[in-house]
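Subject: Structure handover

Hello,

Here is the structure for your files. Notes on what was found in it follow below.

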Amino acid sequence: MSKQFQFKLVLLGESAVGKSSLVLRFVKDQFDDYRESTIGAAFLTQTVTLEDQTTVKFEIWDTAGQERYKSLAPMYYRNANCAVVVYDITQTTSLEKARTWIRELQRQADPSIVIALCGNKSDLSARRQVTQEEAKKYAEEEGLMWGETSAKSGEGVSDIFTAIAKKLPQTAAPPKAGGAARSGAAASRAGVDLNKQSNALGGQNEPCNC
Amino acid sequence: MDGPSLIVVPPTPLGYHHPSLSTTASSSPDLGRLTSSEQERGSSEATIFTIYSMYGDEANGGLSLSDVRNSKYGNHTYQQSQSTNSDVCDGASSDSNGYISSKYASATELPARTSVISNGSVRLSYLDDRPLSTYASCSSPHNDPHRSSDTIRSSKFKDLSPPPPPPPPPPSSNVVRASYIPSDAEAPRNTFLRQPTPTHSHPSSRHSVSPNGNSPTSSFRSIPTSPRPQPSELLSPPETSTLPLPLGTSGSKSSLVPSEGEEVDAFFVRNTYAELEMTGVKGDGYVEGVERTRARASRSRSSISREEQALDDGSEKSRELSGKELETLQSLDRYGFFTVTSHDRLVLLSSLPLTKRLSPVPSGPIKAPTNATSLPTLPPTPIPPKEASRIAKWNRMLEPRVRDVGGNIQAWGVKASKENKLRERTFKGIPDRWRSGVWDLLMRGYSRTGQREINKLGEEYREAMEKPSTYDIQIDLDVPRTISGHIMFRTRYGSGQRSLFHVLHSFSLRCSECGYVQGMGPIAATLLCYFEPERAYACLVHLHDAYALHTIFSPGFPGLLEAIYVQERITEQTMPNVYAAFKSHMISTTSYATKWYITLFANSVPFQTQLRLWDIFLLEGQDVFVAVAVAIVWVYRDNITSGAANFETVLSLLSSFFVPQDEDALLSWIGKMLGDKKMRSRMGQWRQQWKNLVATGMDSTALL
């Protein structure tokens with residue numbers, strides 16, 4: 001019987017780095033040159049099947065990048081099992097913003113959260129401002145996963161999600177801790193509880209019996 | 001300046017008013033039932049009608065209803081391009097959209113050159129399609145420069161005529177429209193038409209008018225104030241002369257001066273838009289255009305050369321449209337959208353649940369499906385079947401209220417005897433040709449704004465263009481991805497995008513608390529489809545001040561949370577099982593409803609539905625969107641309470657793009673809910689309750 005997991009994933013990053021485009025590529029294998037800016041957050045799901053037939057289902061929260069929406073972000077990352085922090089390789093400032101997000105996650109999010117740093121728009125490498133070395137070095141220092149992607153060409157997109165899917169079952173919190181911490185309804189008004197207790201998959205590490 | 005060959009030339013006598021009008025009109029079977037106020041509308045129509053009669057027989061009674069019908073649809077291609085202009089782009093025309101205006105101009109000329117009845121009638125129905133801003137483009141002298149090259153352009157439309165695709169069933173409205181044309185034409189604007197074309201119109205002048213967009217006086221008035229010395233000679237392309245420029249721009253390419261403390265990048269953005277206002281870009285409306293601002297830090301020689309090549313070199317107005325461009329025009333819907341495949345989850349908002357009005361209901365069947373009917377593509381938006389008769393009713397209901405010194409109508413009002421009809425008719429949908437006029441009317445009424453304040457806001461808009469905004473970079477990031485499926489906003493740095501940038505830029509400076517928030521973009525863009533940039537800015541101010549968008553946009557989104565609180569109370573009371581399901585699945589309302597309230601449903605329902613919702617929002621205010629939210633939950637209540645429903649199914653469903661099976665059913669349901677006085681007073685109480693909760697710090701646990 002193959003194992004099944006379900007994880008909450010949140011995308012964070014500066015505005016217009018390509019968070020929604022990454023998700024669109026990952027979920028539907030499509031690309032829009034000009035994707036409408038995300039307001040609040042968008043919810044999508046996608047399942048990855050690993051080589052050993054383990055399936056990992058991602059509940060994806062794609063968040064708005066503008067600073068004003070930052071106040072809503074905690075409710076999306078609070079119980080996330082993994083976060084993809086995206087920057088745009090053609091904008092140095094976007095890596096700065098990514099660092100800020102990573103610091104915030106390290107302070108505020110579940111300690112067992114898996115964080116992937118993702119340099120998007122690799123198709124625009126002619127305009128590159130952020131070198132691979134720089135980003136990689138930072139990721140190593142912080143113990144993050146790292147990769148470059150192009151939502152436009154599709155390059156690297158499934159790789160990064162697959163890598164997360166492989167890593168998660170080993171690192172995700174045991175059923176009673178972290179990920180499933182919030183019990184009871186509506187712990188706060190911001191409470192998009194990403195852990196649905198009612199769902200049979202609440203125990204993150206337990207293979208589902210279905 | 002090239003002589004505007006078409007509109008100004010016609011043998012419209014100076015004294016051309018009713019006499020010739022009625023001659024023309026007499027060919028219309030409907031003339032008899034016109035009231036004088038209906039005739040107030042649009043001298044330009046009369047004028048153009050007369051032009052047709054010069055060139056052919058189409059205007060002289062030879063225009064039978066069937067002619068109109070056949071021609072309109074027998075000439076499908078052309079009709080499409082027409083719809084680009086008419087149905088869609090009230091805003092485009094009023095928006096100083098060089099491209100649209102020029103198309104328009106050439107369209108105007110078509111019958112003249114071809115003497116094809118069909119085109120004439122198409123033209124006519126087009127004109128009549130648009131009560132207000134039509135005039136902006138067909139009569140505005142600012143557009144005249146475009147017409148200098150129309151002789152060349154018109155040939156494109158000849159190409160368009162031959163292939164008649166299968167005629168869609170002609171909506172009856174066309175028939176009626178055509179017959180209304182003469183009726184509408186009185187002639188207050190003839191004076192306007194006869195104004196000599198200014199050698200250069202100050203760009204902002206195009207914006208300094210009401211949605212009618214046709215105030216000659218205000219346009220001309222601002223010319224002298226232009227600090228620029230007639231730069232049109234320097235910038236030969238005719239288009240440039242019509243492009244709105246920020247005040248203080250010089251005729252030279254570099255048009256702005258960085259302000260103290262303004263970031264270099266931000267200035268680069270602001271300056272780029274200002275420069276492009278002067279020059280325009282190639283293929284506006286057709287091509288994607290060349291990115292300039294995002295790549296600012298890494299511009300190479302080749303990218304700069306690409307940028308230069310994308311500038312309009314003045315050939316835009318005279319070149320032939322390519323087959324691809326024609327195809328593009330054909331594919332537009334009546335609001336100006338391309339047929340694009342949507343990547344959203346499209347679900348049907350079924351009408352059946354809407355036949356029952358809002359009242360406490362028991363739980364639905366436990367075996368109900370968890371998902372709604374999904375749609376593969378966005379269905380086409382047909383012209384509402386009763387559009388024509390509604391147009392006639394609105395014609396009779398409205399009268400001019402404010403005119404400028406040139407006699408042009410700047411604002412409409414509802415006749416006292418018809419005031420009791422306004423609500424009902426607004427709920428039935430404002431006919432699109434009346435939308436800009438009626439939206440203006442509703443906003444003036446709701447915000448109690450007078451003409452003087454609106455003029456002042458216009459000044460404010462122009463002045464703000466001179467100032468830096470810390471939001472410029474963010475706005476620039478969002479502009480190209482705001483309803484980019486619309487022809488006005490498609491081309492990077494095209495006139496629509498420039499207007500959008502400027503409106504958002506100016507608005508970001510208006511309220512220091514709100515600044516610019518993502519979500520304002522689609523709102524401003526929708527307004528730009530119906531108003532000139534300057535007026536669109538004023539509309540945003542109305543929405544912010546009077547329609548409580550201030551609380552929606554300010555930090556922490558207090559108005560959003562308040563609306564959600566009210567929505568939850570209504571859900572709890574009328575659909576307790578749904579409320580319980582949300583609770584047990586731990587679905588907070590913010591997770592799906594945030595974008596509904598922040599974009600005023602701009603990206604969650606088809607454009608036409610959005611317009612209908614805005615019709616009633618502008619009439620009734622912020623309770624409308626709570627009602628829409630409740631309606632959506634109401635429709636899907638059985639899916640939500642299904643035994644098989646879970647966090648994912650419910651959230652996926654409510655995050656979808658909703659395509660109403662029947663807009664009228666939706667609107668009527670909302671109308672009944674909002675018409676319930678008890679409900680409205682409870683909504684008011686809940687809003688107050690929420691404010692109290694916030695004041696006492698109890699709000700953090702009050703929402704799902």
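Read from the N terminus, the elements of chain A follow the order β-α-β-β-α-β-α-β-α-β-α. That gives chain A 5 helices and 6 strands, where helices (H or I, at least four residues) and strands (E, at least two) are DSSP runs, numbered from the N terminus.

This is a predicted model, in which local features need pLDDT of at least 70 and side-chain atom pairs count only at pLDDT 80 or more, while totals for chains, interfaces and linings use all residues. Residues are numbered from 1 along each chain as its sequence is written, chains are lettered from A and ligands numbered from 1 in the order in which they are written, and side-chain values use heavy atoms, with hydrogens and water left out.

Chain A on its own: of its 210 residues, 58% count as buried (under 20% relative accessible area, with exposed meaning over 50% and partly exposed in between; 1.4 Å probe, protein chains only). The accessible surface of chain A is about 8,300 Å², and 47% of that belongs to carbon and sulfur atoms (Shrake-Rupley method, 1.4 Å probe; for residues, only the protein chains shown count as cover). Among contacts (heavy atoms within 4.5 Å) in chain A between residues at least 6 apart in sequence, 73% join residues at least 24 apart.

Chain A against chain B: 53 residues of chain A and 57 residues of chain B take part in the contact. Together the two chains bury about 4,100 Å², 52% of it on carbon and sulfur atoms; buried area is the accessible area (1.4 Å probe) that two parts lose on being put together, summed over both.

The rule finds 1 salt bridge across this interface (a side-chain nitrogen of Lys or Arg within 4 Å of a carboxyl oxygen of Asp or Glu). It joins the side chains of A:K57 and B:E648, at 2.6 Å from N to O. On the chain A side, the elements that give two or more residues are α1 (19–28), β2 (41–49), β3 (55–63) and α2 (74–77). The largest share, 4 residues, comes from β2(A). By type, the residues of that side are 19 nonpolar (Ala, Val, Leu, Ile, Met, Phe, Trp, Tyr, Cys and Pro), 20 polar (the others, Gly among them) and 14 charged (Asp, Glu, Lys and Arg).

One residue in chain B: B:E262 lies in the loop between α15 (216–225) and α16 (264–279). B:E262 is buried, at 13% relative accessible area. Not counting residues up to four places away in sequence, B:E262 touches B:F267, B:R270, B:P468 and B:D472.

Regards
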